[in-house]
Amino acid sequence: DVCSSDLIPKTFGTSRGFPYNEDELSLDKVMLIGDKPLIVSETGVEVISQAADELLLLRTEWSDSRVCSQNGRALVYSNTSDKVFLISRTTVLAELKEEGFPVTACLADNGSFALTYSTDKVQTVVKVYNTRQKLEFEWHCSKEYVSSVALSPDGKTLFVAAVGVDNAEIY
């Protein structure tokens with residue numbers, strides 16, 4: 001067990017409102033959402049201003065948040081939950097519930113996004129959503145495991161890295 005007095009603070013930043021303290025034991029990483037710091041910890045994600053004011057706090061039910069960020073938006077997901085959140089710097093734009101646990105995700109420059117997950121029926125499902133969070137494309141891969149996805153800047157072309165085994169050949 002770790003006592004609160006044993007926690008080591010992690011500080012970063014040098015402008016007004018900084019240094020900003022975060023418990024190092026719960027801190028996963030710090031990245032940017034647009035030009036604002038996005039703090040990923042075991043309790044969720046937090047976006048702060050340059051003055052260290054809280055702009056958005058998203059508490060998650062999981063402790064292993066994964067985040068991808070592009071042009072002021074971010075996807076927050078976990079490999080242990082079927083929920084995916086699309087956030088901006090100040091608000092939750094959408095909450096999606098998928099049929100499985102997301103494996104990987106990406107955002108396009110225009111705000112479209114893609115995500116993958118596995119199900120009991122197929123190896124991988126790939127979904128692409130438009131800028132209004134409407135499903136545009138869905139692909140069920142029966143044999144291939146999709147390990148990574150990327151979208152073109154306009155969100156119209158999907159790139160997939162897939163691994164599969166067919167007749168004892170890896171391709």
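1. A nonpolar patch is made here of residues with over 30% relative accessible area and no salt bridge, whose nonpolar side chains are joined within 5 Å. The model is a predicted one. On its surface, Phe137, Trp139 and Val160 form such a patch, and together they have about 250 Å² of accessible area. Val160 belongs to strand E16, residues 158-163. Because its relative accessible area is 32%, Val160 counts as partly exposed.

2. The structure holds seven salt bridges. One of them brings together the side chains of Lys36 and Asp35, at 3.3 Å from N to O.

3. Glu61 is exposed, at 58% relative accessibility, while Lys83 is partly exposed, with a relative accessible area of 22%.

4. Lys83 forms a salt bridge with Glu95 as well, the closest N and O atoms being 3.9 Å apart. Since Glu95 lies in strand E10 (residues 92-97) and Lys83 in strand E9, the pair ties together parts that are 12 residues apart in sequence. Glu95 is partly exposed, with a relative accessible area of 48%. Elsewhere, salt bridges with shared partners join Asp35, Lys36 and Arg89 into one network.

5. How many residues of strand E13 are buried? Six of the six residues in this strand (124-129) are buried, and E13 is mostly covered. Thr124, Val126 and Val128 point one way from the strand, Val125, Lys127 and Tyr129 point the other way, and all are buried.

6. Which way does strand E12 run relative to E13? Strand E12 (residues 113-117) and E13 are antiparallel and are joined by five bridges. Within this pairing, Ala114 has Val128 of E13 as its bridge partner.

7. Cys141 in E14 stands opposite Thr124. Five residues lie between E13 and E14 in their hairpin, and Gln133 in the turn has a positive phi of about 65°.

8. Two further residues deserve a look for their backbone angles. Ala52, a residue other than glycine, has a positive phi near 70°. Ala52 is placed in the loop between strand E5 (44-48) and strand E6 (54-59). With a relative accessible area of 16%, Ala52 is buried, because buried means under 20% relative accessible area.

9. Asn71 likewise has a positive phi, near 50°, in a residue other than glycine. The loop that holds Asn71 runs between strand E7 (66-70) and strand E8 (73-77). Is Asn71 buried or exposed? Asn71 is exposed, with a relative accessible area of 56%.

Technical notes. Residues are numbered from 1 along each chain as its sequence is written. This is a predicted model: local features need pLDDT of at least 70, side-chain atom pairs count only at pLDDT 80 or more; totals for chains, interfaces and linings use all residues. Side-chain values use heavy atoms; hydrogens and water are left out. Helices (H or I, at least four residues) and strands (E, at least two) are DSSP runs, numbered from the N terminus. Buried means under 20% relative accessible area, exposed over 50%, partly exposed in between (1.4 Å probe, protein chains only). Patches are made of residues with over 30% relative accessible area and no salt bridge: like charges are joined within 9 Å, nonpolar side chains (Val, Leu, Ile, Met, Phe, Trp, Tyr) within 5 Å. Accessible areas come from the Shrake-Rupley method with a 1.4 Å probe; for residues, only the protein chains shown count as cover. A salt bridge is a side-chain nitrogen of Lys or Arg within 4 Å of a carboxyl oxygen of Asp or Glu. Two strands pair if DSSP finds at least two bridges between them.
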